[in-house]
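Colleague: I would like to learn how to read a model like this one. Can we go from the overall fold down to the aromatic rings?

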Amino acid sequence: MSVAPNPTEIFDRAVDEGERRLTQSTLELAATSFIAGFTVVFGIAALGVVDGLVQPRFGDIAHIAGALAFGVGVVFLVIGRTELFNENFVAPAAKAVDQDGSWMLRSLGRLWTVTLVFNLIGGFLFAFVFAVDGVLPSGSAHALAQTAEGIVHRPTTGMFASAIVGGALVSLLSYLLEAVNSVRSRITLAYIVGFLLALGPFDHVIVTAVHVFFGFLFDAAIGYGALFETVVVATAGNIVGGLGLVTFTHVAQVRGARKSE
């Protein structure tokens with residue numbers, strides 16, 4: 001039976017992974033981020049299909065069923081080693097802390113900016129494909145439009161707080177993935193986090209923005225302004241939750257452990 005690594009060992013693994021992510025060429029980073037953007041759409045589409053099929057007969061149970069379906073999309077992201085905004089906070093930040101230098105800050109800025117932009121481009125473009133009449137079963141479009149309207153009609157403070165939770169959850173996934181070795185363990189962690197993310201639902205900027213964009217495509221009462229506000233508020237919340245609550249606290253934990261040695 002293998003022994004779970006301690007926080008310092010996890011941190012060292014994160015440093016190695018962070019170096020890999022930070023040293024990608026711009027073309028590789030843009031392509032990997034684009035792939036992540038359209039990959040997550042599979043989970044959102046699965047949620048909409050299941051929700052649309054289950055809700056007429058079983059009511060609120062459809063929300064749980066949809067969350068179970070969405071988890072598959074996060075598994076695709078993790079096993080494919082794609083670059084998803086917020087999921088790439090922990091490892092690159094660990095590398096930046098481990099190796100000081102102003103170039104590190106520039107590298108982090110490039111990584112997170114390119115990831116966010118190309119995640120959104122990939123997600124939005126693939127949403128157009130799913131929105132073509134006849135691709136999704138009857139009822140899916142209505143379910144996705146309802147979800148989108150529910151997102152944009154929340155108070156801004158509610159979305160921001162939800163995005164803090166979502167950012168913490170996804171960054172926690174990134175940290176926990178450095179603690180496991182097997183593909184089975186990675187799949188299990190990814191699926192659980194995907195389920196919890198959709199069950200809330202808690203806001204992750206890419207997932208939430210694509211949800212809202214689906215609503216826009218399916219004639220929900222949503223404008224460009226609401227979509228832009230969603231991206232800004234969810235991004236801010238993800239940064240607070242992902243960097244502030246998870247990444248920085250784990251870095252502080254490891255630094256404290258090293259000082260006590």
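Modeller: Start with the elements. The protein has 10 helices and 0 strands. Keep in mind that this is a predicted model.

Colleague: In what order do the elements run from the N terminus on?

Modeller: The order is α-α-α-α-α-α-α-α-α-α.

Colleague: What radius of gyration would a compact globule with 261 residues have?

Modeller: Such a globule would come out near 18 Å. The protein has 18 Å, which agrees. Along the principal axes, its C-alpha trace spans about 60 × 40 × 35 Å.

Colleague: What share of the residues counts as buried?

Modeller: Of the 261 residues, 52% are buried. The accessible surface of the protein is about 12,000 Å². Carbon and sulfur atoms hold 67% of that surface.

Colleague: Which share of the contacts with a separation of 6 or more comes from residues 24 or more positions apart?

Modeller: The share is 86%.

Colleague: And the charges? How far apart are the mean positions of the positive and negative ones?

Modeller: There are 14 positive and 19 negative charges, and their mean positions lie 7 Å apart.

Colleague: Now the rings. What describes a pair of aromatic rings?

Modeller: Two values do: the distance of the centres and the angle of the planes. Centres within 6.5 Å make a pair. By this rule the protein has 13 aromatic pairs.

Colleague: Take F42 and F76. Is the pair stacked or edge-to-face?

Modeller: The ring centres are 6.3 Å apart and the planes stand at 80°, so the pair is edge-to-face. The cut-off for that class is over 60 degrees. F42 sits in helix α2 (residues 26–58) and F76 in helix α3 (residues 61–79), so the pair ties together parts 34 residues apart in sequence.

Colleague: How do F42 and F76 count by relative accessibility?

Modeller: F42 has 36% relative accessibility and counts as partly exposed. F76, at 42%, is also partly exposed.

Colleague: What about F124 and F213: stacked or edge-to-face?

Modeller: Their centres lie 4.5 Å apart and their planes are at 25°, so this pair is stacked. F124 is in helix α5 (residues 102–130), and F213 is in helix α9 (residues 205–217). The pair links distant parts of the chain, 89 residues apart.

Colleague: Are F124 and F213 buried or exposed?

Modeller: F124 is buried, at 17% relative accessibility. F213 is buried too, at 7%. The cut-off is under 20%.

Colleague: Which residues form one aromatic cluster?

Modeller: F34, F38, F42, F76, F126 and F130 do. The edge-to-face pair of F42 and F76 belongs to that cluster.

Conventions. Residues are numbered from 1 along each chain as its sequence is written. This is a predicted model: local features need pLDDT of at least 70, side-chain atom pairs count only at pLDDT 80 or more; totals for chains, interfaces and linings use all residues. Side-chain values use heavy atoms; hydrogens and water are left out. Helices (H or I, at least four residues) and strands (E, at least two) are DSSP runs, numbered from the N terminus. The radius of gyration is taken over C-alpha atoms; the globule rule is 2.2 Å times the number of residues to the power 0.38. Buried means under 20% relative accessible area, exposed over 50%, partly exposed in between (1.4 Å probe, protein chains only). Contact means heavy atoms within 4.5 Å. Accessible areas come from the Shrake-Rupley method with a 1.4 Å probe; for residues, only the protein chains shown count as cover. Lys and Arg count as positive and Asp and Glu as negative; His and the chain ends are not counted. The place of a charge is taken as NZ of Lys, CZ of Arg, CG of Asp or CD of Glu. Rings of Phe, Tyr and Trp (its six-membered ring) pair if their centres lie within 6.5 Å; planes under 30 degrees apart count as stacked, over 60 as edge-to-face and the rest as tilted.
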